[in-house]
Every structure is written in structure tokens, then in C-alpha cells.
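Here are a few notes to read with the structure open beside you. Take them one at a time and find each spot as you go.

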Amino acid sequence: MPGSLLSAKLVKTEQLSANTLQLSFELVQDERASFNFIAGQFVQLQFEIDGELHKRSYSIANSPDDFKATGQLQVALSLVSGGIASELFQKASPGTELNIAGPFGVLTLPETFPGQLILVGTGTGIAPYRSMIPQLKTLSDKGTAVTVLKGFRYREESIYSEDFTQLPNLKYRTCLSRESTVNTANYEYAGHVQDQFDALYLNPENDVVYLCGNPSMIDDCVILLRDRGLSPRQIKREKYVYSGH
Ligand SMILES: Cc1cc2nc3c(=O)[nH]c(=O)nc-3n(C[C@H](O)[C@H](O)[C@H](O)COP(=O)(O)OP(=O)(O)OC[C@H]3O[C@@H](n4cnc5c(N)ncnc54)[C@H](O)[C@@H]3O)c2cc1C
């Protein structure tokens, strides 16, 4: 049920890059069956520090099928200096208990698309698309042109590359805004994600663009996409805003 509050515990922390952690949470056994999510949704982690309740939202990074098979929910957390959740999860040991609310969000896929599907994510904003991989595979196998554009400053910040490069029918690009050289054989392109829009020959009649992550990137992309004739219903977004929880 959307908005349920479930008891969970941290079971694993993995370092995806110098500033990104992947956290795996297990739901309490008898609550697992009642938790259903659609790829692209997010959860809210709720935890107390010194008696104060904190709530932070994170996109689910694994697919619903993977959750059913393992009982674990994965999220990718981009560490921010002095951040409350960032500091907690850098130190948290397996077994740490917390509550998870959700699932929330509408950054989800329909079964068919009339045109191209372009998925744009900066930093951990790529996580919801990783959750969608089984659906993306089905869509691209049925002929939908799917492009994933990932944006990072530096090569070593990039995460989840191998998850996307294994999908043969999907076009995949990592845009590196601060590297002086790039290797296109390794799917790398210089600049920002939005610099790739021209190369996609967007059709304003029926292409759909998903945007996830940094709020300024999303605002910049929306302006460019509207200039190219895409209507609001062709642009879906999830902004990782970080205040006011
Ligand atoms: C719908 C939604 C989904 C989200 N999904 C994800 C996700 O999948 N992965 C993820 O890593 N984050 C995600 N976020 C952001 C996440 O919820 C937290 O805001 C983030 O992890 C920072 O939490 P914190 O407690 O470590 O920092 P806080 O204690 O909240 O922040 C401390 C200070 O750090 C600075 N700060 C915080 N975040 C940033 C930032 N991103 N960039 C620059 N400065 C910052 C600010 O100055 C802030 O005052 C999502 C947010 C939303 C709304």
C-alpha cells in the first residue's frame, strides 16, 4: 500500500564510487509481502538521531523482481559533506534498524511508447533507471528506441555502467563535464547531458524524456526540451531536492 511505514534493517553497504554508497535494506519478514513498488519509485528512510526524527528520500535502485527474489531494497546515496544521512550511513553497521515509508513517485514507465524514450540522470539520479532495466529490455526488444544519458563531473564518479552496457539494443552515454579527454569506445562523451539532445534528433510529436537528479540540471533540460517543441506531458521529472524534510 503506498505510504506504508515498514520496519527495516541495513544489511549491506557497498562503495560504488568515492562519494557514493549503495545501501541494501531488508524488510521485516512478515511486512515484505505487503510492499510492492513500480520501477522508478522512491522510498523515504526514517531514522532517529538523539531523539530527533529525520526523513530522507531515495530512489529504489533495484528492480521489483530483484526485490522479490532477494527481499532486499537497494538505494544509491551520494555523500554530502556534513549531511545527516550521509554521516549516519557512512558509519552505520549491518543490523542498523530504521523505518521505510513508501513507495512514492510517478517516474514510472508505461508499457509502450509511440516514439523514442530518453532517460536522463545525473549522479545517483541514474538509480531509478537501473530499477527499470528489465522493463527497458522488454521495451527495446520490442523496438522502442531507448537512450540512457548519465551525467557526472569525473569518470571515477560514474556508477552502474555495466548494468546498462549489457543491454545490446539500448543506446547509452556517460557525459563527463569536467574531464579533459573522453573515450567514446567506453561510451564517454564530453560535456553535460543536455549537450546530447541535438544528436538524438528529438521528435516533438511523440518522444518522451525522463529527467532525474540535480534540480538545476532538470530546469536547464526542461527549457531546452520546451524550446525543441516537447510538451509538458512528454517530460517526466524527479528532482532530488535536499531541504525541508
Ligand atoms: C524524491 C527524492 C529522491 C531522492 N533520491 C535520492 C537518491 O536516490 N540518492 C541520493 O543520494 N539522494 C537522493 N535524494 C536526496 C536525499 O533525499 C538527501 O537530500 C541527500 O542524501 C542529502 O541528505 P543528507 O541528510 O546527507 O544531507 P542534509 O543533512 O539534508 O544536508 C546537509 C547540507 O548539505 C548540503 N546538501 C545536501 N544535499 C546536497 C546535494 N545533493 N548537493 C549539494 N549540497 C547538498 C546542503 O547545504 C544541506 O543543507 C532524493 C531526494 C528526493 C526529494
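1. Start with strand β4, which gives four residues to the shell around the ligand, the largest share. Keep in mind as you look that this is a predicted model.

2. Now, who comes nearest? Of the 20 residues around the ligand, the nearest are Arg56, Ser57, Tyr58, Ala85 and Ser86. If you sort the residues of the shell by type, you get 10 nonpolar, seven polar and three charged.

3. Have a look at the polar atoms next. Ser86 has a side-chain N or O atom 2.5 Å from an oxygen atom of the ligand. For Arg56, a polar side-chain atom lies 2.6 Å from a ligand oxygen. Tyr240 also has a polar side-chain atom by a ligand oxygen, at 3.2 Å. As for cover, the ligand on its own has 940 Å² of accessible area, and the protein covers 74% of that.

4. Where does the ligand sit? You'll find it in the largest pocket. And why can we say that it lies between domain 1 and domain 2? Because domain 1 (4-104) and domain 2 (117-239) both give residues to the shell around it.

5. To find Pro103, follow strand β6, which runs over residues 97-104.

6. Look for Tyr160 in the loop between β8 (146-152) and α6 (161-165).

Terms used:
Residues are numbered from 1 along each chain as its sequence is written. This is a predicted model: local features need pLDDT of at least 70, side-chain atom pairs count only at pLDDT 80 or more; totals for chains, interfaces and linings use all residues. Side-chain values use heavy atoms; hydrogens and water are left out. A residue is near a molecule or strand if one of its heavy atoms lies within 4 Å of it. A polar contact is a pair of N or O atoms within 3.5 Å; within protein, one must be able to donate a hydrogen and the other to accept it, and residues adjacent in sequence count only if both atoms are side-chain atoms. Accessible areas come from the Shrake-Rupley method with a 1.4 Å probe; for residues, only the protein chains shown count as cover. On a 1 Å grid over the protein atoms alone, a cavity is a set of points where a 1.4 Å probe fits but cannot get out, and a pocket is an open set with protein on both sides within 12 Å along at least five of seven lines; lining residues have an atom within 4 Å of a point. A molecule sits in a cavity or pocket if more than half of its atoms lie within 2 Å of its grid points. Helices (H or I, at least four residues) and strands (E, at least two) are DSSP runs, numbered from the N terminus. Ala, Val, Leu, Ile, Met, Phe, Trp, Tyr, Cys and Pro count as nonpolar, Asp, Glu, Lys and Arg as charged, and the others, Gly among them, as polar. Domain bounds come from an automatic or database domain assignment.
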